[in-house]
Amino acid sequence: MSTTTAGRGSGAATRVVVAGYGPAAHRFVERLGELGFDGAITVLGEEPRPAYDRVALTSYLGGKTAEDLTYPMPEGVTARLGDPVVAVDRAARTVRTASGHAEPYDVLVLATGSRPFVPPVPGRDLPGCHVYRTIEDLDAIRERAGHVTSGVVVGGGLLGLEAADALRGLGLATHVVEVADRLMPRQVDEGGGAVLRRHVEALGLSVHTGAGVERIEAGPDGAVARVVLSGGEVIEAGLVVFSAGVRPRDELARAAGLPVGERGGIVVDEGMRTADPAIYAIGECALAGGTVHGLVGPCRTMAEVAADRVCGGTAGFTGADTSTKLKLLGVDVASFGDIAPEGALDVTYLDPVEGVYHRLFVSDDARTLLGGICVGDARAYQTLRPLVGRELPGSPTELLFGGTGAVAVDLPDDAQVCSCNNVSAGRIRAAIADEGCTDIAAIKGCTRAGTSCGSCVPMLKRLLERSGVQQGKAMCEHFAYSRAELFDIVRVRRITSFSRLIAEYGTGRGCDICKPAVASILASLGNGHILDGEQAALQDTNDHFLANIQKNGTYSVVPRIPGGEITPEKLIVLGEVARDFGLYTKITGAQRIDLLGARVEQLPAIWKRLVDAGFESGHAYGKAVRTVKSCVGSTWCRYGVQDSVGMAIALELRYRGLRAPHKIKAAVSGCARECAEARGKDFGVIATERGWNLYVGGNGGFRPRHADLLASDLSDEELVRTIDRFLMYYIRTADRLQRTSDWLENLEGGLDRLREVIIEDSLGICAELDAQMERHVTGYVDEWRATLEDPEKLRRFVSFINAPDTPDPSITFEIERDQIKPVMIPLETVR
Amino acid sequence: MTVSHLEASHLEASRLEAPELATPPTATATGTAVRGRVRTWTPVCAYTDLLPERGACALVDGHQIAIFRTFDGALYAIGNRDPFSGAYVLSRGIVGTRRGEPTVASPMYKQVFSLVSGVCLDDPEVSVPVYAIRLNDGVVEVGR
Ligand SMILES: Cc1cc2nc3c(=O)[nH]c(=O)nc-3n(C[C@H](O)[C@H](O)[C@H](O)COP(=O)(O)OP(=O)(O)OC[C@H]3O[C@@H](n4cnc5c(N)ncnc54)[C@H](O)[C@@H]3O)c2cc1C
Ligand code: SF4
């Protein structure tokens, strides 16, 4: 794109109409706003919602909502949604929609995108056959996936693999069928294809290459039941997703007599104008420079060019970067630049053991980088992609294996860092230096870099580090360290008291921020009872009284009920205790029973009764592992495939009492129906025919998030080991009060990185994590039992130090629905 | 007016620098700090009953008074009622310092109060009463 930009409000056009509301249309109207366009803008969209981030579509199945993906609608834009344009009357300069609405225009912009290509095979219209393009498609796929056990994706390209991984995530046995002799035939060559196949199969996907779909057959219910391949092979599957390429949606232009390409696409010039000067075409429906572009980056650039032209500018579209990186969990594949250039030298590296394949293309004098392919390890992609067409800063092997840090310094200002949004290294440096961006979020907000596919975020971090920006990490005025750093200090220096830590590493005497955080670190590292010695003074009131404070200064009592399983006898004890102490009784969301309204001096007597009856602390008061919720599972449920209750109890007993940066909730479901809602938990386990799927980083509450699939089909032993390490790694590295969801989202390298560290042991710390968890498990004692046995600790459980037997007179109750309810004295004294 | 912290520290020869830290409470603009003479001293507990860096509550003539023993051995007394929640809980908050000033954070909504002046450091228009406190032969006494 050349860079002339029009001034505010210039251009004769007053009424701009856009047909189609996808990412290209969105960028177009947004850009018009940025350029100060002051005419009327109307967008006519076929889908029922404003434009959303299609690149991130798959995250919708991972828990993102439609709202999360939707772009904010720029101001001053009128949108008609769910009403496609059906005709363009060029003579009258009017478009007509399906509902009969007529919209006059001075400038019309076609941004109708493309439609998935569905090969003409018999059975392709059966119920259970889907495409993968819109939120509605994904809703339909998710719904169907709930009723079947296996699925077939037709097409082994970038999108096909992404869709296949999504089906796997929905719990289906998944097959990928690709006509070519290898996966991703457009991006990788044979060598890369072979390595890629092994990675994909290792994820549990079945790959069928060199085979087309012959026909799709229905079962007795009339829906898809099996797919027959050209070689005669039959795959039993109830769901088919077509991902065999896309075709430009050029039908409006065709019908209006505008020239289209031989293989589709609306012909446009450099300025994105069609043969009719009043009509532009942008995005995937346009044929620019003889090519239809199927990546969001070029589509957005086209949108910017058209906006500039509409405002009277002279910007031009001159082709685009076709680099791609597969967003497939656990498999790194990337290609960039030209991948089979004429007369180029190539450097190939193959490590079949590690499953790594690299191929770089350089000019015949071996000085200029032309393109490359990375499979199995795409770390070099980040550094190499911006260098395409430039002189190499080192030998090809150094670039591939010398790590990425060294090269980032030398990235020229005009090198593109974010290809989705066309943001250069210089733009990011300016955002840091001149616009005061000091973290990734600010850079994203300022420049848009990293807001689409996210693959450039590590590069943004590096640029930030290189420019010397110190990320604010101090926990409070007393410690200049982050929680993770303090954890390491305490661990490595074997510090066992707050006094020593603050004397050596802090200033002042601490506060309500650092004291509980350090108390939690000391507890995570196994420093005995949380009320022992000096530790007692660090705890907040909940941990101090081993109960949860309520609004009137009373406390609640929540005994552990592992997995939510309880005998009638124990249930009766709970009822009796609640009755005898006059406590309000409620069932919690985590399958336990909450007894509320206890005064501090009542807590020991209540707990004495409970401990005698075999109960122990439920740690509802602690930043600790809370419960492992479960469904009834295979023991009773006719759908269950594993004993979810047994597993939940085993996990809860293993991790009970484990102190962490924040509370940790978990659940186990006995089959894919997910009755225990495990994906809303910090770690969730869902039974499969072959074992357990482990999901991590879920959350309910204030900011709901579905957990991400970390590993599939684990044995009992593998499951426990993986959770051990997940928890310990989180405890080591998270910030204060950071839930696993937020921690995971901010973990550099995300889920892939987590897998590397805790499954592949890339940092070599797994043995240590395992040992730490072992210490926790063997060192566990029930905090309430230990407290009852220690008269020193019991002495604190009084309302008044000078009148231990006097109940707090400020605590009074009234009765509501046959139970107590606090009476609060009005807040007259505040202000 | 008796200045409690001085007396507490006098007993602890090693902590003579404490008084600088704990300037005597005087009447403040909001009028909530200790005014006038203490008429009666009520013994509430042994000094050793108090944990360092932690509070406890004493009931004196029907008034709930939160008393604190800080790391340096000094004693402080403020009203136990948290003005933000209305609950009588300040004695159960976390004790610490803010720019050198001894504080307690309400366990309810975490506002931080000065143990010296009773003023809420997060919202200086709000404060809690401050009471006199002293150590008398190993016994902690609260003055009203
Ligand atoms: C699952 C998935 C993953 C992807 N991942 C990546 C990636 O990682 N990187 C990348 O660069 N690209 C990726 N893409 C491609 C990227 O999404 C597209 O390049 C981009 O969406 C193109 O934008 P567009 O606005 O041109 O077209 P579209 O997104 O197709 O939007 C066109 C809109 O116009 C509407 N429309 C069509 N006809 C009419 C009509 N007659 N009247 C009104 N409205 C109409 C359509 O319903 C649609 O809403 C991915 C695509 C998918 C589906
Ligand atoms: S998740 Fe499955 S096993 Fe568990 S109760 Fe629901 S249907 Fe039954």
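Reader: How many helices and strands does chain A have?
Author: Chain A has 27 helices and 39 strands. The model is predicted.

Reader: And what share of the residues is buried?
Author: Of the 831 residues in chain A, 55% are buried.

Reader: Now the ligand. Which residues come nearest to ligand 1?
Author: Glu46(A), Glu47(A), Arg54(A), Arg133(A) and Glu284(A), out of 30 residues around ligand 1.

Reader: How does that shell split by class?
Author: The shell has 14 nonpolar, 8 polar and 8 charged residues.

Reader: Back to Arg54(A): what does its side chain do at ligand 1?
Author: An N or O atom in the Arg54(A) side chain sits 2.6 Å from an oxygen atom of ligand 1.

Reader: Which backbone atoms are involved?
Author: Ala24(A) places a backbone N or O atom 2.8 Å from a ligand oxygen. At Val85(A), a polar backbone atom is 2.9 Å from a nitrogen atom of ligand 1.

Reader: How much of ligand 1 does the protein cover?
Author: The protein covers 94% of the 990 Å² of accessible area that ligand 1 has on its own.

Reader: Which helices and domains supply the shell?
Author: In chain A, α1 (23-34), α4 (158-169) and α7 (296-310) each give at least two residues. Domain 1 (3-115 + 248-310) and domain 2 (129-244) each contribute at least three.

Reader: Last one, on contacts in chain A with a separation of 6 or more: what share is between residues 24 or more positions apart?
Author: That share is 61%.

Technical notes: Residues numbered from 1 in each chain as written. Chains lettered and ligands numbered in written order. Predicted model: local features only at pLDDT ≥ 70, side-chain atom pairs only at ≥ 80, totals over all residues. Heavy atoms only, no water. Near = heavy atom within 4 Å. Polar contact = N/O pair within 3.5 Å; in protein donor to acceptor, adjacent residues only side chain to side chain. Areas by Shrake-Rupley, 256 points an atom, 1.4 Å probe, with all protein chains shown as cover. Helix = DSSP H or I, 4+ residues; strand = E, 2+ residues; numbered from the N terminus. Nonpolar A, V, L, I, M, F, W, Y, C, P; charged D, E, K, R; others polar. Domains from an automatic or database assignment. Buried < 20%, exposed > 50% of the residue type's maximum accessible area, 1.4 Å probe, protein only. Contact = heavy atoms within 4.5 Å.
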